[in-house]
Amino acid sequence: MLNRRHIRVKVMQTLYAYKGGESDDFSKDQKFLLFSIDNMYNLYLLMIALLLEVQKRAENDLVKKQNKHLATQEDKDPNRKFVNNEVLNLLQDNHELKNQLEINKVDNWQLDDEYVDLIFKAITTSELYEEYMKTRVSDFREDKMFIIDVFKDIIAPNQKLYEYLEDKNLTWLDDLPTVNTTILKLLRKVKPTSPQSFFTPKLYKDLDDKQFAINLFKKTLLNRTAINKEIDNKTQNWDSERIAEIDYVLLQMAISEIKNFSSIPVKVTINEYLEIAKEYSTPKSSIFINGILDKLVKEYEESGSLNKIGRGLM
């Protein structure tokens, strides 16, 4: 679920917030980094749980209509197509998913059920829902395409939901695009025979990714003084006060990665940090960072100090 760019962003945020020096104890900051990454999984569970709660809300709505004193024929014999959606039923019957929701204490929608009502109303008043409910029966493919469209067009872009997540956890806003992309990929690939573990993906692709986060944080922090000297030597004509602080952090990380991660190609490193700069720093930051890194890499190559092996040579 988690990709390397997102790991770099998490490390950048932690380094940006760090106010100590190289010799200070940064174990708490490292724990915060890993907690921040792990908390992304809670956001994933929260967004998946929203689909479960919307289906429950739909079921409750039908029961209320059936129990009305002056129930209409439609109330008595409602179209249960949405409630019986096969993909939603797969989620409801997924014991591993429910176990993860309990373990991680994801109960937000029971406490803040007005957001469930908000999304339910947005779905049931949409043209998408109207078209879907024109018939009473469907197959797995139609049910799947409907849920994909609901998530993509109604849930993911909902501004009220976005504000709610921002209020609950500010770092979730950076995680949300990755989480939403993951959910959409799973929904597109789900089959009636998908295993219970299908909707409980691993946060890290492998243990190497978790170690990459720790090493990038530690190696950047422990070599800050030497790295800063290299940056200062290449920015003598720049007013230091005009260089964005986030650009310094990105340069520190990029230089640390180029020098200490022999299996990562230089081009990959540079491109990753340029993309992060475009998203998180000033409009001209990527040009500035690219210029500094280009000069440093040429020096490393000329001096023979660029240590790259295997895939890192590409």
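Modeller: Residues are numbered from 1 along each chain as its sequence is written, and side-chain values use heavy atoms, without hydrogens or water. Because the model is predicted, local features need pLDDT of at least 70 and side-chain atom pairs count only at pLDDT 80 or more, whereas totals for chains, interfaces and linings use all residues.

Biologist: Why are helix 2 and helix 5 called oblique to each other?

Modeller: Helices are DSSP runs of H or I with at least four residues, numbered from the N terminus. The axes of helix 2 (residues 27-66) and helix 5 (residues 95-103) come within 10 Å and cross at roughly 120 degrees, where axes are lines fitted to C-alpha atoms over the stretch in contact and angles run from 0 to 180 degrees between N-to-C directions. Angles under 35 degrees count as roughly parallel, over 145 as roughly antiparallel, 65 to 115 as roughly perpendicular and the rest as oblique; the two helices are therefore oblique.

Biologist: Which residues of helix 2 and helix 5 meet?

Modeller: With contact meaning heavy atoms within 4.5 Å, Tyr41, Leu45, Ile48, Ala49 and Leu52 in helix 2 meet Leu97, Gln100 and Leu101 in helix 5. By class, this contact has seven nonpolar, one polar and no charged residues, where Ala, Val, Leu, Ile, Met, Phe, Trp, Tyr, Cys and Pro count as nonpolar, Asp, Glu, Lys and Arg as charged, and the others, Gly among them, as polar.

Biologist: What makes helix 10 and helix 11 oblique to each other?

Modeller: The axes of helix 10 (residues 159-168) and helix 11 (residues 172-189) cross at roughly 130 degrees and come within 9 Å, and the helices are therefore oblique. Tyr162, Leu165, Glu166 and Lys168 of helix 10 make the contact with Trp172, Leu173 and Leu176 of helix 11, which by class gives five nonpolar, no polar and two charged residues.

Biologist: How many residues line the largest pocket, and which lie nearest its centre?

Modeller: The largest pocket is lined by 16 residues, of which Leu62, Lys65, Asn79, Tyr129 and Met133 lie nearest its centre. Eight residues of the lining are nonpolar, two polar and six charged.

Biologist: Which helix gives the most to the lining of the largest pocket?

Modeller: Helix 2 gives the most, with four residues, while helix 2, helix 3 (73-76) and helix 7 (114-124) each supply at least two residues of that lining.

Conventions. 1 Å grid on protein atoms, 1.4 Å probe; cavity = no way out; pocket = protein on both sides within 12 Å on 5 of 7 lines; lining within 4 Å.
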